[in-house]
Amino acid sequence: MIEIEGLTKAFDTLVAVDDITLTVHPGEVLALLGPNGAGKTTTVRMLAAILKPTAGRARVAGYDVATQGDAVRRNVGMLTEAPGLYSRMSGREYLDFFGQLRGIPTPERQKRINELAEWFRITPVADQKAAGGYKDVLDRRLGEYSKGMAQKIALIRTLLHDPPVLLLDEPTSAMDPASARLVRDTIAQLRNDAHRAIVLCTHNLPEAEALADRIAIIRQGRIVEQDTTPALKARLLGPPLMEIRLAQPSQNGVVALIERTIANSGARVQDAGDGWVRYSTPDPTVTNPAVLQALTASGVAVVTLSEVAQSLEAVYLRAVEENV
Amino acid sequence: MNLEAQTKTAPTGFLPTWQHLRAMWFPVWVVLRREISDTLRDWRIVVPIIVLVIGFPFLANFAANRGLAFVNQYGASLIVERLLPFLMLVVGFFPSTFSLVIALETFAGEKERRSLESLLATPLTDLQLYVGKLLSATIPPVLASYLGIATYLLLMGLTLGWWPPLSLLLVSMTLSTVQSLVMVSGAVIVSSQSTSVRAANLLASFIIIPMAFLLQVEAGLLLFADYTALWLIALCLIVVNVLLIRLGIRVFNREQLLGRDIDKLNLRHALSVFWKAAWPRNGLKALYTREIPAIIRGMWPELLITVVVILGGGLSVGIWGVRRFPLPVEAFSLAEVQNLETIGSMVTQSGLLTSFSPWSIFLNNVRALLVAGGAALISMGILALLLLMAPVAIIAYIVGQIGGVGFNPWLFLAVTVLPHGIVELPAAILATAQAMRMGDVMLSPHEEGGGVDGIVREVGHFVKLFVGVVLPLLLLAAWIEARITPHLLLNFLGR
C-alpha cells in the first residue's frame, strides 16, 4: 500500500529526509518516531504528495507521489500536525467544504459527517437559546472549539472520504484521556476493518507501542531502526530481564545459586537486592523452570517470577543515542 | 458520479465535455464560495468596506457640490465638471485598495493560521486552488468598487442632476474594474510568495503606489477629456493583468508555500550568485570570447523582441507623430548651424544636455540605460523597451519632418545619427535586451532558472555586459557624437 525506496528530500543545502526505504502493508500500522526536526513531517508530506521528493520514489495506494500527485491525494487521508481549522466556519460547514472538495455526493456526505460526529462523540450540548434546549456542536463556530474538539474535527476531515491510506501526525495531541483512548480504538478499528495502511507520527511512545505493528525510528532524516517492537527491544535492550521476588529478604547464597544454575544457558544475573534478584536470559522457557527448580530444592520460597517490562521509551532513547 | 470519476473523464473531442468542465470548475467554485463566505463573516473587513462604499461617496458628493458652488462664482464650472468623473474613479478606487487585504490574506493568511496544509492535501490541482483563491479575492473589490461608483452617481444625479455620458461611464467602469483586477492579481502573487500577512502587507505598497500614480495620470486625462488615452490605459492594464495572472500561475508552488525560508534573505548567497555572474572568471580574453557571447546567446529571444519592438514600434510612433503633429517649416531652419560653438549652444538650449561634450553625452546615455534596467525589473521588461523606443520614435519623427519640409532626410540621418548611432544603437539594444531578460526571469519559476537566484544572476549578467561591452561602446559613440558629428553637420548641412 505504501512503498518507499531511497526517498530523499533536500531543501537547498539541508537534507531533511535522506534515503529512506520503507513498506507499509494493508492492515498495518507503522509508527514513525523521532526527535523534533528528524524528518517525520517532511516524509509524511511527501507521502501525501504535498512535497516532491528530490530523489528516490514512493508509491501510495498504487500511485507515484511525484508524478500522480492528484491521484495520491484522492486516496490519502492526512491529519496535519496542527488542526488548522477555519475559525469563522461551523464544524458542519468545514467538514462539508472538505467533503465537497473530495467529491463526495451531498446525501452521502451529510450521512458520513453525522456518523463520524457520533462516533467521535461530538454530541449536542445544552443551550438555552437553541430549540429544544440543545445545540448541535457541529453548528458552532470552530473558533469556539476546545483544542481536543478541534483535533476531533480534523480527524473527521481526514476520514471523511474513507481513504485506504492514513497519514496521522500526532492524532491524540491536546486530547483528554478518554478522547485519546477513543482515537486509539478508532485507529485500531480502521486498520482491522478495511485493511488500511496507516502511518502514525507521534511522540507518545506508549500509544505507538499499543497501536503500531512496526516501529521506524528516524533521526536526522535517516531511518536508524525499523522492526516490530519486540524485535527492537531484543536488539537494542538485550535479552528479556526476569525478576524473582523471594518470601524472605536477604537469603545468603541465593544469588550464587542462581548464577550456578544459569551459568551454561547464556543468562546472567544483572542485579540483586533485599528479597529480589534480576537476571537476563535469551531463552526464559529453559532458564526459568531451571531456576525455580533449583530454588525450591534449596528450600527458598519464591513469591513471583516475572518479566521486567522494557519500555519502548528505552528502545527509542537507545536508538537515538546510539546513532548520534 | 464523484469527483474522482469526473477527474478521470478526459475530453474525447475538440471541446471539453460537461463532466470535464465540471470536474475542473466545481472545486474552484467550492473554494470561491468558502472564501467569499469567510470574508463576509469578518466584520473587520466588511465594516470598512461598507463605510468606503457608502460613506465615501457622500463625502465626494459634498466636495463636488461645494467645489461647483465655489467655481461657479467665477464662471469656471468646466473645471469642476471635469473633476466630477475623476471623483467617480477615486470613489471606485478606494474600496478596491482596502479590499486588497483579502487578496493579501489568500495564501499568507492560511499559512499563518496553519490551515493551508490540509487544503494542499486535498485533490485540488495547483490551478484550481490558485484560480479559486484569485476569483475569491477579485469579486469583493470589484463589487465594492461598483457599489461605490453607483452610490456616488446616484447622489450626484439626485443633488446636481449630473449623469455621466455613456462613453465616460463605460471607460470609468472599465478602468475601475481593470485597476482592481491588476491590484488583486499582484496581491495574490505577493501573498503566495510571502511567509506572513505582515510581509505581504509590506510588499503591497509596490502595488498601491504605482496604481495611485496611475490614478493621477487618469485625473489629468479626464481633465482634458481624452477618453482615447484612457481606453489605451485600460488596454495596457488588461495586458498587465493577463501577465500577472500568468506569472502567478507559473510561480505558484505548493512546496514553497509550506517552505520555511521564502522570506529569508541570504545576502551572502545572493552576493555569491551576483559575483559569479558579474565577475570575469577566466580573464579578459575569456570574457570576450566565451562569457559575453554566452550571455548574448542566452538572450536571443529578448534581442529579437527588442529589435522588432524598438525599430517597428519607434518608427510607427514617429511616422504617426509626423502625420498627427506636423511642424512648421520655420522650425527646421539650419541658420544656426554656422560653426561648432553654435551647434553646441543649440544642443544645450534644447535642454537635453548640460554641455555638448563627450563626457556629458556619455553620462546621459549611461543614466538612461541604467534607468531602463531598473524599470525593467518592476515592469517585467516592458518599460525598458518603451524607454528605448522613445528616442527611436523621436528620430523617426524628426527625420520625417525634415523630409516634409524639403531637406534630404537620408542625408540628415546619415550625417547626424548614423556615425554615432551605428555604435550607440547596438549598445542600447544589448542593454535593453538584457534588462528585459531581468524582467522575464521574474516570470519564471525557481526550477526554470527564475526566483531570487535567477534575478540576481541576471542582474550580474547585466553588470558584466554593461561594463564589458555597453560602456566602451557608449564612450566611443559619445566621442563620435561630440567630436565628429558636428563637423559632418557643418560640412553637409551648414550654411
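## A friendly look at a two-chain model

In this predicted model, chain B has a mean pLDDT of 83, and 89% of its residues reach 70 or more. For the model as a whole, the scores are ipTM 0.82 and pTM 0.74.

**Where the chains meet**

Let's start with the interface. The size of an interface is often given as the accessible area lost when the parts come together. Between chain A and chain B, about 3100 Å² is buried, and carbon and sulfur atoms account for 54% of this area. Which three residues supply more of the area that chain A buries than any other three? They are Arg74(A), Arg88(A) and Leu101(A), which supply 24% of the area that chain A buries against chain B.

Charged partners are found across this interface too: the rule finds four salt bridges between chain A and chain B. One of them joins the side chains of Arg88(A) and Asp38(B), with 3.4 Å from N to O.

Now let's visit some individual residues. The table shows how accessible each one is.

| Residue | Relative accessible area | Class |
|---|---|---|
| Thr281(A) | 0% | buried |
| Glu110(B) | 1% | buried |
| Val300(A) | 10% | buried |
| Glu170(A) | 14% | buried |
| Asp162(A) | 43% | partly exposed |

Thr281(A) sits in the loop between strand E15 (276-280) and helix H10 (284-297) of chain A. Why does Thr281(A) count as buried? Its relative accessible area is 0%, and the cut-off for buried is under 20%. Apart from neighbours within four places in sequence, the contacts of Thr281(A) include Pro239(A), Met242(A) and Thr287(A). With Thr287(A), there is also a polar contact between the two side chains, at 2.6 Å.

Glu110(B) belongs to helix H6 (residues 108-112) of chain B. Leaving aside neighbours within four places in sequence, Glu110(B) is in contact with residues including Arg34(B), Lys133(B) and, from chain A, Tyr86(A).

Val300(A) lies in the loop between H10 and strand E16 (302-307) of chain A. Between Val300(A) and Leu30(A) there are 270 residues in sequence and 45 Å in space, taken from C-alpha to C-alpha.

**Two positive phi angles**

Most residues other than glycine have a negative phi. Asp162(A) has a positive phi, near 50°, and lies in the loop between helix H5 (147-159) and strand E9 (165-169) of chain A. Glu170(A) also has a positive phi near 50°, and is placed in the loop between E9 and helix H6 (177-194) of chain A. Asp162(A) is partly exposed, whereas Glu170(A) is buried.

Definitions and conventions: Residues numbered from 1 in each chain as written. Chains lettered and ligands numbered in written order. Predicted model: local features only at pLDDT ≥ 70, side-chain atom pairs only at ≥ 80, totals over all residues. Heavy atoms only, no water. Buried area = accessible area lost by both parts, 1.4 Å probe. Helix = DSSP H or I, 4+ residues; strand = E, 2+ residues; numbered from the N terminus. Buried < 20%, exposed > 50% of the residue type's maximum accessible area, 1.4 Å probe, protein only. Polar contact = N/O pair within 3.5 Å; in protein donor to acceptor, adjacent residues only side chain to side chain. Contact = heavy atoms within 4.5 Å. pLDDT = per-residue confidence, 0-100.
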